[in-house]
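Have a look at the structure below. Then let's walk through a few of its features together.

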Amino acid sequence: MTMNAMVAHLPSVIIAQADTPAIDTGDTAWMLTSTALVLMMTIPGLALFYGGLVRSKNVLSTIMHSFFCAALISVVWVAVGYSIAFGPSGSNWVGGFEYVGLRGLLWDRADVAPTIPHLLFVAFQGTFAIITPALISGALAERMRFRAYALFIGLWSVVIYAPLCYWVWGGGWIGGKLGALDFAGGTVVHIASGSAALVCALYLGRRVGHGSEPMPPHNLPLTVLGAALLWVGWFGFNAGSALGANDVAVVAFVNTNTAAAAGVLAWLVFESLRTGKPTVLGAASGAVAGLVAITPAAGFVAPWASIPIGMAGGAACYAAVSFKSRLGYDDALDVVGIHGVGGILGALATGIFATATVNPAIIDLTFGLDGGLIEGHAVLLWRQLIAVIATIAFCGLGTWILLIVTNAVVKVRVEHKDEVTGLDISQHSERAYSLVESGGQVVSAEAEKRKALRIPLRGERFTAVVEGVEPEELVSHWRHLCVDYGVGVSSELKELYGSFTTVRGNRFNFRGGDKEQIRSTLERLFRGVSKSAKVRIDSQSEPRP
Amino acid sequence: MKLITAIIRPEQLDDVQHFLDDQGFDVMTVSDVRGWGRQRGLLEVYRGQEVEERLVTKLKLEIAVNDDRVEAAIDAIVRGARTGETGRVGDGKIFVQPLEECIRIRTGETGVIAVAS
């Protein structure tokens, strides 16, 4: 055993403390909080957001997509993911392997975040690695075999996410050579998941019955709850991406909230103009659209710019999801329309609105530019476009190959009958809701009390016979009387309707009520069609034939 | 003996049951059904896509009654199932069919005594 190896086995506490820079407790506290917030976006945020949008037979499988993703990617990230994404010895294309198993990161500081423990940076980035494949799950919902999903996202995280993360943040070509900006994951998280989602939707094909039968969300309150958790968790995502408790974090925080709000407003306005009513799902979707759009720009733009960015996000994503049905592919939960489109929009908006007056680090990150188009540098917008296209191409192609590989091992699409039964039962042998959904009667003291308040059905049964009206005329006039054309039915009809039960030919049957009054009212009603109409009471109700 | 089948609005079950109970009918079968008639389905909008629920959710009541009780059962159902001041499209329908035989499984009783209402 060499000397070095022996040292490595000593308690690292003693050796490392001496030469490691002190941490900033404020930064560390904020980053611990942010890490937890970002994890909260996936579980339960995204799990609920997606879970509510699917049909009730698939809600558990959809929740499982997010929950399982959190478990699997957590392990993958520690094992190899982080090293591929941030290993400093890497090339332009992929990180080095020196951090496999998080070797040597105890008591270390990452160059990009020198004021917090390196392990905290690992954990924070890990939550981004978790949410990205979980976002894709919206496009493959309701029809993917669970084992295939597990294999696919595991591979995707290592082969697509980690290298892409390296390109943008780990020192690879997009961040390290091109000088494009991505504050919190517009390309790495949203465009990546959006383009992978498009490929998944195309590869898997449409759900059984898609386009011919309605597939409305089964529980919108779950979806809204999930969207709200995403909104709150996004403060960790964006403000946490400042990697410290500082001015940039606060700008990102304010921008995040403002863009989410602007996204809601824009979506609702466009929706109201197009279909007449603002929907709750529209509000939730608009918030996510605004948040996606601001993500790459959050710590680079002034707060005023977050309003147009959020609004453009809401409007563009609304247009995209509305247009989806004409394209024919089945992106079940609109990952492409919201994360893909919103992510592209945000990446380009960063190239327009970024300014070094908000974040001086922009000058270093872009190799000398003090902002985007508003500072007179159209070249940044051009670089953003290159980053967008490269991300789409890499993720799209890579996802396609991974799906073919996955399909060779486990068939990705479930059997037809399993899809019709629902994935909850066919993939997990579970049912989300086992309550009787309707027609159930609760026998309780409350129900008994209500009964007593109601009028019992009492009173004599009698028949009023209408004479002097042609039979066809009688039928059509009565039907006419009973139709509410929007101007309200006649007050005469209202008078006797409470006692009226049935009519057979010219014999009107009543139960209860004042006989003479009903007789004369009925007569008045039929005088409208025939002057000679007469009504007489027949106390014996007619025997049924 | 007659078999009365009524298709009603689900939300009217409580009222129909109340009136039936009031008239002494305390045995019935209720099932969830869907169908369409004059009533238009609900128009729902999700992310800009309009979905018309063509089938309307209804409840089906089935009650076996003796001949002299048919009128009372019909009175109770129409009273409970009507909505609004003078009824609305979609309040439902009642079908009356002759019932050939009725057997109470436990006791083996048949006919009028087995119907019990």
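Start with A:Glu142, which sits in the loop between α5 and α6 (146–168) of chain A. Helices here are DSSP runs of H or I with at least four residues, strands are runs of E with at least two, and both are numbered from the N terminus. A:Glu142 isn't a glycine, yet its phi is positive, about 75 degrees. Is A:Glu142 buried or exposed? A:Glu142 counts as buried, because it has 24 C-beta neighbours inside 10 Å. (Buried means 20 or more other C-beta atoms within 10 Å of a residue's own, exposed means 12 or fewer, and partly exposed is in between; C-beta atoms are placed from the backbone.)

A:Trp107, in the loop between α4 (59–86) and α5 (118–136) of chain A, also has a positive phi, near 60 degrees. A:Trp107 is partly exposed, with 16 other C-beta atoms within 10 Å. Most residues other than glycine have a negative phi, and most peptide bonds are trans. The bond joining A:Ile43 and A:Pro44 is cis, with omega about 5 degrees, and A:Pro44 lies in helix α3 (residues 25–53) of chain A.

Residues are numbered from 1 along each chain as its sequence is written, and chains are lettered from A and ligands numbered from 1 in the order in which they are written.

Chain A averages a pLDDT (the predictor's confidence in each residue, from 0 to 100) of 90, and 90% of its residues score at least 70. In chain A, pLDDT stays under 50 over residues 1–16, and it is below 50 over residues 436–453 too. Where pLDDT is low, the predicted coordinates should not be read in detail. Chain B has a mean pLDDT of 87, and the model scores ipTM 0.77 and pTM 0.73.

## Where the chains meet

Here 34 residues of chain A are in contact with 28 residues of chain B, contact meaning C-beta atoms, placed from the backbone, within 7 Å. On the chain A side, α12 (303–327) is one of the elements that supply at least two residues, and α12(A) gives the most, with four residues.

Definitions and conventions:
This is a predicted model: local features need pLDDT of at least 70, side-chain atom pairs count only at pLDDT 80 or more; totals for chains, interfaces and linings use all residues. Two residues are in contact if their C-beta atoms, placed from the backbone, lie within 7 Å.
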